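Open the structure in your viewer and keep the selection tool at hand. The tour goes from one selection to the next.

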Amino acid sequence: RDLDDAISVRDLGECYEIGVHIADVSACVPSGSCIDEEAQRRGVTYYPPANDPIHMLPPKLSQELCTLLPGEDRKVISLFVEIQKGTDRIVKRNFSLSHARSDKKLTYEEAEEYIKDFSGSELRFDTLEDSVAVAFHFSRVHRKYRLQDGYYYDKSDDHRHLGNRRSHQMIEELMIMMNSFVAEFLTNGPQTMNVIPLRCQGPPAPH
């Protein structure tokens, strides 16, 4: 499958940084081009069960040029969040057009192995395994803050193996953070606030 997102972790001394990076497709697909128009018509990449995916973009783009392959420089849209150690409070955040070079492609099973024994008592940044554990730690803090009393409840999904739930939740939480900050940025920006389509969603059912 296409790898269109990645995360990064950096030690900044009194703080640490979590980066969420999304492949910048606009760097490869000019606006208004035939590929752009066909991608708009398709809307999404479809993954039918037991069959090859039907890509929104041509395979050369979706599986190579716009995919964050390990060891390859790629243009990305990045969210950088700076977090204070000890309090886990976000002290700074910013968006940036940047370049990313992935160190490693991990499966959820591999990531789960890195975080299964993490106690949260000490954050380390020496190895890839340490960095994944730090990302998990922050995702757990962010999830607890976001859900409040509903933090400990999570309905199991059919596609998600219970043994890999923590690694799935880590990535899901970081993507939720990215999407929330993007939405806030666009709806509050003077150049975008009046042109962003919004979906009004009713409250959830009481039960």
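This is a predicted model: local features need pLDDT of at least 70, side-chain atom pairs count only at pLDDT 80 or more; totals for chains, interfaces and linings use all residues.

**Stop one: a helix pair**

Select residues 108-115, which form helix α3, and then residues 165-188, which form helix α5. How do the two axes cross? They come within 8 Å of each other, and the crossing angle is roughly 100°. Angles of 65 to 115 degrees count as roughly perpendicular, so that is the term for α3 and α5.

Now show the side chains where the helices meet. On the α3 side, pick Y108, A111, E112 and I115. Their partners in α5 are R165, R166, S167, H168, M170 and I171. Sorted by class, this contact is made of five nonpolar, three charged and two polar residues.

**Stop two: A50**

Move to the loop between α1 (34-42) and α2 (59-65) and select A50 there. A50 is not a glycine, yet its phi is positive, at about 60°. In general, most residues other than glycine have a negative phi. Is A50 buried or exposed? Its relative accessible area is 86%, and over 50% counts as exposed, so A50 is exposed.

**Stop three: D88**

Next, select D88, in the loop that lies between β3 (73-84) and β4 (90-101). D88 is not a glycine either, and it has a positive phi of about 55°. The relative accessibility of D88 is 16%. The cut-off for buried is under 20%, so D88 counts as buried.

How values were computed: Residues are numbered from 1 along each chain as its sequence is written. Side-chain values use heavy atoms; hydrogens and water are left out. Axes are lines fitted to C-alpha atoms, for helices over the stretch in contact, and angles run from 0 to 180 degrees between N-to-C directions. Helices (H or I, at least four residues) and strands (E, at least two) are DSSP runs, numbered from the N terminus. Angles under 35 degrees count as roughly parallel, over 145 as roughly antiparallel, 65 to 115 as roughly perpendicular and the rest as oblique. Contact means heavy atoms within 4.5 Å. Ala, Val, Leu, Ile, Met, Phe, Trp, Tyr, Cys and Pro count as nonpolar, Asp, Glu, Lys and Arg as charged, and the others, Gly among them, as polar. Buried means under 20% relative accessible area, exposed over 50%, partly exposed in between (1.4 Å probe, protein chains only).
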